[in-house]
Amino acid sequence: MKIVVTVKLVPDTNAAKRIDPATKRLVRTGLETVLNPFDEYAIEAALQLKEKLGGDTTVTVFTMAPETGKETIRKALAMGADDAVMLSDAGLEGSDVWATSYAMAQALKKTGFDLLIAGGLADDGNTGGVPGALAEYLGVPALTNVRKIEEAGDGKIRAQRETDSGYQVVSGPLPSLITVTMAVGEPRYASLKGIMGAKKKTIVTLMLADLGLDRAVGTDGAKTEVLEISAPKPREKARVVEAADGASGAQAIFDFLREKKLI
Amino acid sequence: MNFDLTDEQKAIRQTVREFAVERVMPRAEEMDREEAFPYDLVKEMAELGLMGLPFPEQYGGAGADTVSYALAVMELARADASTAITMAAHCSLGASPFYLFGTEEQKQKYLVPLAQGKMLWGFGLTEPNAGSDAGNTQTKAVLKDGSWIVNGTKAFITNSGTDISGGTTITAVTGQRSDGKPEITNLIIDQDTPGFARSKKYKKMGWRASDTRELSFADAKVPEGNVLGKRGDGLKNFLTILDGGRISVAALSVGLARGAYDEALKYAKERTAFGRPISKFQAIQFKLADMLMEIEHAELMVLKAAWEKDEKRDFSQSASLAKLYSGEVSRRVVNEAVQIHGGYGFMDEYPVSRMYRDQKINEIGEGTNEVQRLVIARMMGL
Ligand SMILES: Cc1cc2nc3c(=O)[nH]c(=O)nc-3n(C[C@H](O)[C@H](O)[C@H](O)COP(=O)(O)OP(=O)(O)OC[C@H]3O[C@@H](n4cnc5c(N)ncnc54)[C@H](O)[C@@H]3O)c2cc1C
Ligand SMILES: Cc1cc2nc3c(=O)[nH]c(=O)nc-3n(C[C@H](O)[C@H](O)[C@H](O)COP(=O)(O)OP(=O)(O)OC[C@H]3O[C@@H](n4cnc5c(N)ncnc54)[C@H](O)[C@@H]3O)c2cc1C
């Protein structure tokens, strides 16, 4: 079975970020890129499945990112993925969900897959729109918010979908796309042997010219225009309740909540 | 000249850092208090590939270079010196002799399981009356009916008595050289050798979660074939091992110092006195600036020695300089880190108090500060 994991490379999740007011885009220079944290769970789910199925099951990581991301994608190879495909082209800059998923889908058609696993959300763009759009462009079902893959193989997949109140067991044909939640299990550390071996694994680079697109991508293909960006309003200063003892403090808090009609 | 680490070196540093912060750091205080050897962490380190980091893949290692190894030791020591020495002594003292001097058969039998982290191994040089003067070995081995009969005592041997320790390689006098000096040979002592016993763990000021024991040999019967390296090369070969070991102790010192600096910086921002964070006082800022300056300096020295080793150059002097300097830097840094913490730094629940105790051995183990100065001076031709 060929498993492909879509992995976005995002700016270091702990770094302070800045939006360029002129382009209204995130300033990426000077920021280290990391694997999108949710996608590390997707990789973990893929590796678990590979271990379970054995045989000729392979895990390919797929990213659409500038070539400078090669070093970051090696971390996924060090974790245990077999190879990587990078879609890199200056013409992709400025793509929104619409253009990103279109370009990715065309590349993924070339790569081929039985099971496509995505994280639910990217740490930077944060739309959660890509996986659904990918499934649409690729013409495969999307099983979202999977917390456990029960079975996969013989053209079928059965999985548990996390819901607000519990989980549903769903099944579908292969090829399919799934998105996973953090419940699939903590992403493993890249083993040091894996790190040393990652350099020997192949990273195939695709460019726009390899895809034969019939639609514009990048800024020209984007349907979204960011009109305005503003920081969230700072929260009002908390009111500190001071009281002589516990009972009168509790009363003051009770009165406050009552006044706000919260209880 | 290029100060960039390679992609692998960066990734190894990052991975070990994450492991150290997530798995080791939260346990450090308890392990120190309980003097508890962390079997589970050793298992995790083995799975990660740390226990065989610098050895080739064909012998069960990860095939990393010395720079990566030094970075890994630094990151572990930044979280916990005991865990770091367990790993560092295992690689550079326990397993290295087999890698450097073992026959292919000995490598398969010992180096492979050691690099895989399935067992630990001791390096038995020091004796109650032979420390800095390691050539004064009193332990004797006499060949009789196809076995070495070993008698003597070894002191302060790291990793020698855990439940997963497989044995110790020792120096022993096996005869007399033509120049009248003792002939010293390395013998492989398996844990179940009759007549070989380990003491209880020493009670220690620092490195309390690491395993250090006294070893005694009373007519211990060792197969004749358990010679490691050439007969008579024992002291020379062990001193070669210590050259590499100095890089690892130096890395340990830098890591420990950086851990203490991290704590001091954090605390200086949190603690207020006279109405503002103490980090706003210039006296505290100057301490922190000096700490960082010295740590960066020491780190460069360690990485240079490691790089020279990787480039197959003569690294002895650089390693000695790095070991001596970083040991002293770690003392100044832990001292100021405790000072910045005030009275809280004297309390067990603050990591700097443990670091303060863990530091001292950096200036004693694998060649004291005085011995490093002797070695360095000797290399000047003095
Ligand atoms: C601050 C900011 C605001 C933005 N606002 C918008 C906006 O409002 N509308 C809009 O259309 N675009 C917006 N973008 C652009 C956005 O970065 C792209 O649309 C992005 O490529 C896809 O959306 P996402 O990051 O939300 O991914 P999500 O849909 O949140 O990602 C979900 C999953 O899809 C996969 N995936 C997503 N991108 C990639 C990739 N490049 N390579 C491999 N796998 C991937 C991953 O598995 C990921 O876990 C914004 C970008 C920034 C930085
Ligand atoms: C926790 C711990 C773990 C250890 N692990 C190991 C291990 O795994 N294997 C192993 O073989 N050993 C190990 N050791 C031993 C360690 O290497 C020795 O303690 C060290 O080399 C010093 O030897 P010594 O203790 O005999 O001190 P001594 O040699 O007695 O030195 C006492 C003092 O005299 C000074 N001195 C000695 N000679 C001179 C001189 N010529 N000129 C000036 N000053 C001098 C020393 O610098 C020191 O200050 C360990 C020690 C400890 C504490």
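The shell around ligand 2 takes at least three residues from each of two parts of chain B, domain 2 (121-234) and domain 3 (236-379); the domain bounds come from an automatic or database domain assignment. Before going further, please note that this is a predicted model, in which local features need pLDDT of at least 70, side-chain atom pairs count only at pLDDT 80 or more, and totals for chains, interfaces and linings use all residues. Residues are numbered from 1 along each chain as its sequence is written, while chains are lettered from A and ligands numbered from 1 in the order in which they are written.

Let us stay with ligand 2. Its surroundings comprise 21 residues, the closest being Leu125(B), Gly131(B), Ser132(B), Thr368(B) and Glu370(B); a residue counts as near if its C-beta atom, placed from the backbone, lies within 6 Å of the molecule. Two or more residues come from each of α4 (81-101), β1 (120-124), β3 (147-158) and α10 (369-379) of chain B, and β3(B) gives the largest share, 3 residues. Helices (H or I, at least four residues) and strands (E, at least two) are DSSP runs, numbered from the N terminus. Sorted by class, this shell has 10 nonpolar, 8 polar and 3 charged residues. Here Ala, Val, Leu, Ile, Met, Phe, Trp, Tyr, Cys and Pro are nonpolar, Asp, Glu, Lys and Arg are charged, and the others, Gly among them, are polar.

Now step back to chain B as a whole. Besides domain 2 and domain 3, its division includes domain 1 (7-120). The C-alpha centres of domain 2 and domain 3 of chain B are 31 Å apart, and their contact takes 10 residues from each of these two domains. Contact means that the C-beta atoms of two residues, placed from the backbone, lie within 7 Å. On the domain 2 side, the touching residues are 3 nonpolar, 6 polar and 1 charged.

How does chain B meet chain A? Here 15 residues of chain B are in contact with 12 residues of chain A. Helix α1 (residues 7-34) of chain B provides the largest share of the chain B side, 7 residues. That side has 8 nonpolar, 3 polar and 4 charged residues.

Ligand 1 is surrounded by 28 residues, of which Asp96(A), Gly119(A), Ala122(A), Gly125(A) and Thr127(A) are the closest. The largest share of this shell, 3 residues, belongs to α1(A). By class, the shell around ligand 1 has 12 nonpolar, 12 polar and 4 charged residues.
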